[in-house]
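Look it over before reading on.

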There are 2 protein chains.
Amino acid sequence: MPRGAPAGAPRTAPNTVGLVSTPPLRRKRATVHDVAVEAGVSRGTVSRVVNGERYVSDEARVAIEAAIVKVGYVPNNAARNLVMQRTQAIGFIVHEPHSLFLEDPNIGEILLGANTALSDADYQMACLIVDSERDTDRVARYLSGGFVDGVIIVSARQNDPITRVVERLEIPAAFVGHPPDLARAPFVGIDNRGSARTITERLLGTGRTRVGMIAAALDRDSGADRLAGFTDALGSRFDPTLVERVPLYSYAAGRAGMHALLERAPDVDGIFAASDAVAAGVLDALREAGRSVPGDVGVVGFDDSAWAVRAQPALSTVHQPAEGLGRAVAESVLSQLRGEDQPVGGILLETPIVWRDSA
Amino acid sequence: MPRGAPAGAPRTAPNTVGLVSTPPLRRKRATVHDVAVEAGVSRGTVSRVVNGERYVSDEARVAIEAAIVKVGYVPNNAARNLVMQRTQAIGFIVHEPHSLFLEDPNIGEILLGANTALSDADYQMACLIVDSERDTDRVARYLSGGFVDGVIIVSARQNDPITRVVERLEIPAAFVGHPPDLARAPFVGIDNRGSARTITERLLGTGRTRVGMIAAALDRDSGADRLAGFTDALGSRFDPTLVERVPLYSYAAGRAGMHALLERAPDVDGIFAASDAVAAGVLDALREAGRSVPGDVGVVGFDDSAWAVRAQPALSTVHQPAEGLGRAVAESVLSQLRGEDQPVGGILLETPIVWRDSA
DNA sequence: TTTGCTTCTGTGAACGTGCACAGGTGGGCG
DNA sequence: CGCCCACCTGTGCACGTTCACAGAAGCAAA
């Protein structure tokens, strides 16, 4: 990528030197033509230098590079986009209510990671947050309008109308998390099932014998996979009565779920919570029931979010590399744009376990 | 006059009819020219209809509108931006470490609000997160490159180099929070001082006699103003030994600060924490020191973030209309772009007090 | 009839790029 | 010498839009 170096000397007006005072309006930006005149070459040669093509003499190259810094040339994106038939923008689609967008720390980190990768590649990120039905229409129209070259989709639902639009338009796309109804779309994610199995095994390793789970969001692949991993780890010791299902990855759901589970199985001595927020609710429920953690009950969470360090005691949990996910999903879209063929089956990132005080 | 437009018949490819099967590549988007042909008018008239200008006959208008939906015309942004000399993008600059960007709930909400207002006005938002020195250079170069028509700046520091660049380039800009070194820049914010005074008065109204403050981020106007409001409320009763200063609006800083304050003044019975995150740290520190809340000590926070409802007990706090701030700051930039003159002195939004259980 | 004004329409010229193509040089090889 | 090829350069066109301008039609007033 050519980087326009910051201008050194201030430019004088290109037109005739005269007495007419230049009005202090918008000073015009230097174009490739100005650079060509300054360097004594043609537009085409400047273009070749700017885009790093072959077949330019060293003499011309140094003259042009000097001219570029002298006139302070920066390529005009609109003109370039027009002729190249692209927009140099990637849509970042989040299909969540606004409130969850804020409460879920992962989304913010994914956004950050994606933004970093995109801006490194001189792409812009267009945030499209889908909350209401109205938003769905708006985003669908936006996508059809060709305002973006590709899209990143976070937390798509089953039968998501947005996914349909993307599919129909054949826009390069990549998902965070596995979209169940689109087998062929590239995605990045973590091994929810394997990670859940591993941390459950660690929890079992502390000598617990009655280990239960607060399972959440079973309509998502992440929720279902975490439950599956839990089941894997327990093997023949698995007891379905020790699993409490709650709808959302939330503090409130975790607290309510734990109360319900304690009612049913007071002898439980270990809990795998489907997320850190759920685990925070579990901790409070246990405290309200007079159980100590990790003395009476060991608790582990999932995500390694701000909840984890903030909880009391601090949570043992699975670290989710959210920023890395964002970076990876952006790279995937960028790679498609470059016309490279994609790895089948998606990419799974590592999820180290962080062991703290709660188990 | 639409002269015998072949309405109805499907359009064949413009090139020679032959046996060469059209490759299933990118289908070309309809242009203003296609619409003109379809409606039997000229490009200029179509342009006038699209941009809602005067001097178009009703006859032509309906024909063009029908043609637009028929061929599925969407204006090409790159072409429009090229000729209009604009980018239709607004930079959203956050000068914070990545970690704080995530921990501070306000920033996410401000982003959301700004994004809503911007996309309603058909503007794109380009997120520019300044963390390292390297980022500063990158963003400065980006701004100089003319990639945005205006900027929104969140939490600028004193002597911020980014602010300098914006100033020099004379890009339309608006700040969230008052930038101390730029008297003339439009900004939106809240009345930190007044709000701090009000909630401190409420706290005093519960009968507390030894009320202290954990003051944070005194290098920002928000931090300094909150301390000033606290001082205002106490008047002659103000005791400087009851103020503990911490660097950041963070949980950890709040907890450490409260421990330090308790060491110095064990008889404190009320605390105004500079933010909810700080207040959450204060609550934990008090619990660790064996004090009950609100029994022994009343605690109030600031922000009404997710921390507030999540804390135990739930925090009494000042509600910060973060989404509204985002919307307002975006409107300010948009208004400048329209060439309207700006209200001097900035805009302050209302900050209702939310009274919960912690005081 | 001429003149002037308003309303409406079409046309050519930008805007700043990238790319295809033509053309020019010089050297190696038959 | 003639030919081909690799290297280098300049020119014209296209991308899709907006805008300024010219011009036509209709009408009212001189």
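The report below takes up the chains, their pairing, the DNA, the core and some backbone details.

## The model and its chains

This is a predicted model. Chain A holds 14 helices and twelve strands. It has 359 residues, and 48% of them count as buried. Among contacts in chain A between residues at least 6 apart in sequence, 70% join residues at least 24 apart.

## How the two chains pair

Chain A and chain B meet directly. On one side are 33 residues of chain A, and on the other are 32 residues of chain B. Five elements of chain A each supply at least two residues to this side: helix 4, helix 5 (98-103), helix 6 (105-120), strand 2 (124-130) and helix 13 (306-310). By type, the chain A side divides into 17 nonpolar, eleven polar and five charged residues.

## The surface near DNA strand C

DNA strand C is surrounded by 26 residues. The closest are A:V32, A:N76, B:S42, B:G44 and B:A60. Chain A gives helix 2 and helix 4, while chain B gives helix 2, helix 3 (58-71) and helix 4. Helix 4 of chain A has the largest share, five residues. By type, the surface near DNA strand C comprises 13 nonpolar, nine polar and four charged residues.

## The surface near DNA strand D

Around DNA strand D there are 28 residues. A:S42, A:G44, A:A60, B:T31 and B:V32 are the closest. From chain A, helix 2 (43-50), helix 3 (58-71) and helix 4 (77-84) each give two or more residues. The residues near DNA strand D divide into 13 nonpolar, ten polar and five charged.

## The nonpolar core

In soluble globular proteins, nonpolar side chains tend to be buried together. The largest nonpolar core of this model has 87 residues. Which of them touch the most other members? They are A:I152 and B:I152. Leaving out residues up to four places away in sequence, B:I152 touches B:I90, B:G91, B:F92, B:I93, B:A114, B:A174, B:V329, B:A330 and B:V333.

B:L118 sits in helix 6 (residues 105-120) of chain B. Is B:L118 buried or exposed? It counts as buried, because it has 25 C-beta neighbours inside 10 Å and the cut-off is 20 or more. Beyond residues up to four places away in sequence, B:L118 touches B:I90, B:Y123, B:M125 and B:A330. B:L118 and B:I90 are 28 residues apart in sequence, yet their C-alpha atoms are 8.0 Å apart in space.

## Two helices

Helix 9 (residues 192-205) of chain A has 14 residues. At 1.5 Å a residue it should span 20 Å, and its end C-alpha atoms are 20 Å apart, which agrees. Its buried residues are A:N192, A:S195, A:A196, A:R197, A:I199, A:T200 and A:L203. Just after this helix, A:G207 takes a positive phi of about 95°.

Helix 14 (residues 322-337) of chain B has 16 residues. It reaches 23 Å from first C-alpha to last, close to the 22 Å expected. Its buried residues include B:V329, B:A330 and B:V333. B:G339 follows helix 14 of chain B, with a positive phi near 85°.

## Backbone exceptions

Most residues other than glycine have a negative phi, and most peptide bonds are trans. Some places in this model depart from that pattern. A cis peptide bond joins A:V293 and A:P294, with omega about 5°. A:P294 lies in the loop between helix 12 (276-288) and strand 9 (298-300) of chain A. The bond from A:Q312 to A:P313 is also cis, with omega near 0°. A:P313 lies in the loop between helix 13 and strand 10 (317-318) of chain A.

A:D303 is not a glycine, but its phi is positive, about 125°. A:D303 lies in the loop between strand 9 and helix 13 of chain A. B:D304, also not a glycine, has a positive phi of about 55°.

Conventions: Residues are numbered from 1 along each chain as its sequence is written. Chains are lettered from A and ligands numbered from 1 in the order in which they are written. This is a predicted model: local features need pLDDT of at least 70, side-chain atom pairs count only at pLDDT 80 or more; totals for chains, interfaces and linings use all residues. A residue is near a molecule or strand if its C-beta atom, placed from the backbone, lies within 6 Å of it. Helices (H or I, at least four residues) and strands (E, at least two) are DSSP runs, numbered from the N terminus. Ala, Val, Leu, Ile, Met, Phe, Trp, Tyr, Cys and Pro count as nonpolar, Asp, Glu, Lys and Arg as charged, and the others, Gly among them, as polar. Two residues are in contact if their C-beta atoms, placed from the backbone, lie within 7 Å. The expected span of a helix is 1.5 Å times one less than its number of residues. A residue is buried if 20 or more other C-beta atoms lie within 10 Å of its own, exposed if 12 or fewer, and partly exposed in between; C-beta atoms are placed from the backbone. A nonpolar core is a set of buried Ala, Val, Leu, Ile, Met, Phe, Trp, Tyr and Cys residues joined through C-beta atoms within 7 Å.
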